[in-house]
Amino acid sequence: MKKRPSSTLDSSKVQTPVFVIEDELLKHNLERLKYVKDRSGCKIFLAMKAWATWPLFKMVKKYLNGSEVSSLNEARLGFEKFGPEVHIYSPAYKSTEFDEILKNCSHIIFNSFGQWWQFRHQVEKFSKKHRKNIECGLRINPEVNMGADAGDMYNPCAPDSRLGVRFGEFEKVLKNDQKALEGLSGIHFHIFFEKDEQDLEKVLPQIEKKFGKYFKQLKWVNFGGGQKITDDNYDVEKLISLIKNFKKRYGVQVHLEPGAAVVWQTGILVASVLDIVERDGVAYKIPILDISFEAHLMDFVLSPDLELRIRGAGGEKKYKNIYQFGGCTCLAGDKLSQLYSFPKELKVGDKIVIEDGIQYSLVKVTMFNGVQHPDIVLWKKAGKEYIPKLIRRFGYEDFKKRMG
Ligand SMILES: Cc1ncc(COP(=O)(O)O)c(C=O)c1O
């Protein structure tokens, strides 16, 4: 397997704040995913919740089968820009939106039998009328608690999780009605957060022990996302063999819906140092950036255990110049809790490159405090040079439209 190429970004060529997606790195990830898809015979859908820069979908859809969406808005975007295979999962659907969901989706995954029973008739009526075969599935919660280093926020099998039907509930329904799975084409589970093929290998038998007896009557089983497939250390050959064997055992199609893995280490968020605050009695300096951690990197404020890497920086103890980065909003907590150190002293105007800054950050940006939404740029080869190609710049009108 080809190793990830190095970043070629020259941060002096971009205006901050900016999300930069590196074309070559994105294609590297997509080729790796396509390799898994082609070799294993599974289908792969982009989980748009992790990244939805649709102007690039024209290229992305050459590698993947379709999109996996979480809402009507994402479904419309997936249908419009990615193509007709749109798989939706939401913890609950709203009856006022369901007709539009039917128009835009090819597969609908329900979180409970209750929702399936509520909408089943509507799906069947729509499919018949429009001669569009919409396939439905049920999300299960196999209660294989993988844990997540960053806490239960990212753990779908946490003890009090609302996600998916548990085995006990599943069996109870089937005991009352042996035909309860009729009309359903698939089963879906999403249980991982930044896990690898060894975790998948470990939990598949546990899931099969509970639910395996039902798989043979289905068309597909969706393994969800949360696998670091595009990480250099991930053994894709193992994944391919796990999928192939699963398909053989049950005669089903396997679906994967990676989000983070599609854009894993393909982009960065670049900021500039606006000021450096020094405090008596505080052992580090506080550079204030033209980004906001609260508005642009919310996950890292909510879950301080998530690791945020900054190019050229070490941990608190590595170099002698120690910093705590602060954002440009008025919120006291708009800062990173970890400390970073640099070999050289930082100064006003320096560019700070936040690694792996695309996944889940770009989609979650807010304009809290009216802060500037970072540009979106594609870093691309043009002849012998690399150039930034502006995809979108946001302005006052974008802020105003959200406020009224
Ligand atoms: C149902 C579902 N599918 C897929 C994903 C994508 O996961 P990841 O981005 O970790 O690959 C998620 C993430 O929350 C999810 O909830």
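In which sense do E13 and strand E15 pair, and over how many bridges? I found E13 and strand E15 (residues 340-342) paired in the antiparallel sense, over two bridges. I noted the ground rules next. This is a predicted model, so local features need pLDDT of at least 70, side-chain atom pairs count only at pLDDT 80 or more, and totals for chains, interfaces and linings use all residues. Residues are numbered from 1 along each chain as its sequence is written.

**Sheet.** I followed E13 and E15 into an open sheet of three strands, order E13-E15-E14, with antiparallel pairing. Strand E13 (314-315) and strand E14 (321-323) are the edge strands, and each pairs on one side only. Gly-314 has Ser-341 of E15 as its bridge partner. Two strands pair if DSSP finds at least two bridges between them. Helices (H or I, at least four residues) and strands (E, at least two) are DSSP runs, numbered from the N terminus.

**Domains.** I looked up the domain assignment of the protein chain: it gives domain 1 (41-263) and domain 2 (267-403). Such bounds come from an automatic or database domain assignment. The C-alpha centres of domain 1 and domain 2 lie 33 Å apart. The contact takes 12 residues from domain 1 and 12 residues from domain 2. Contact here puts two C-beta atoms, placed from the backbone, within 7 Å. On the side of domain 1 that touches domain 2, I read eight nonpolar, two polar and two charged residues. Ala, Val, Leu, Ile, Met, Phe, Trp, Tyr, Cys and Pro count as nonpolar, Asp, Glu, Lys and Arg as charged, and the others, Gly among them, as polar.

**Core.** Which residues touch the most other members of the largest nonpolar core? Phe-19, Val-20 and Ile-88 do, in a core of 99 residues. Helix H1 (residues 23-40) supplies the largest share, five residues. Domain 1 (41-263) and domain 2 (267-403) each give this core at least three residues. A nonpolar core is a set of buried Ala, Val, Leu, Ile, Met, Phe, Trp, Tyr and Cys residues joined through C-beta atoms within 7 Å. Buried means 20 or more other C-beta atoms within 10 Å of the residue's own, exposed means 12 or fewer, and partly exposed is in between. Leaving aside neighbours within four places in sequence, I listed the contacts of Phe-19, including Gly-267, Leu-269, Pro-374 and Val-377.

**Leu-239.** I found Leu-239 in helix H8 (residues 236-250). Is Leu-239 buried or exposed? Leu-239 counts as buried because it has 22 C-beta neighbours inside 10 Å. Residues up to four places away aside, Leu-239 touches Val-36, Glu-197, Leu-200 and Ile-229.

Most residues other than glycine have a negative phi, and most peptide bonds are trans. I logged the peptide bond from Thr-16 to Pro-17 as cis, with omega near -5 degrees. Pro-17 is in the segment before strand E1 (18-22). Glu-194, not a glycine, has a positive phi of about 50 degrees. Tyr-360, also not a glycine, has a positive phi of about 60 degrees. Tyr-360 lies in the loop between strand E16 (351-354) and strand E17 (375-382).

**Ligand.** I counted 15 residues around the ligand, the closest being Ala-47, His-190, Gly-225, Gly-259 and Ala-260. A residue is near a molecule if its C-beta atom, placed from the backbone, lies within 6 Å of it.
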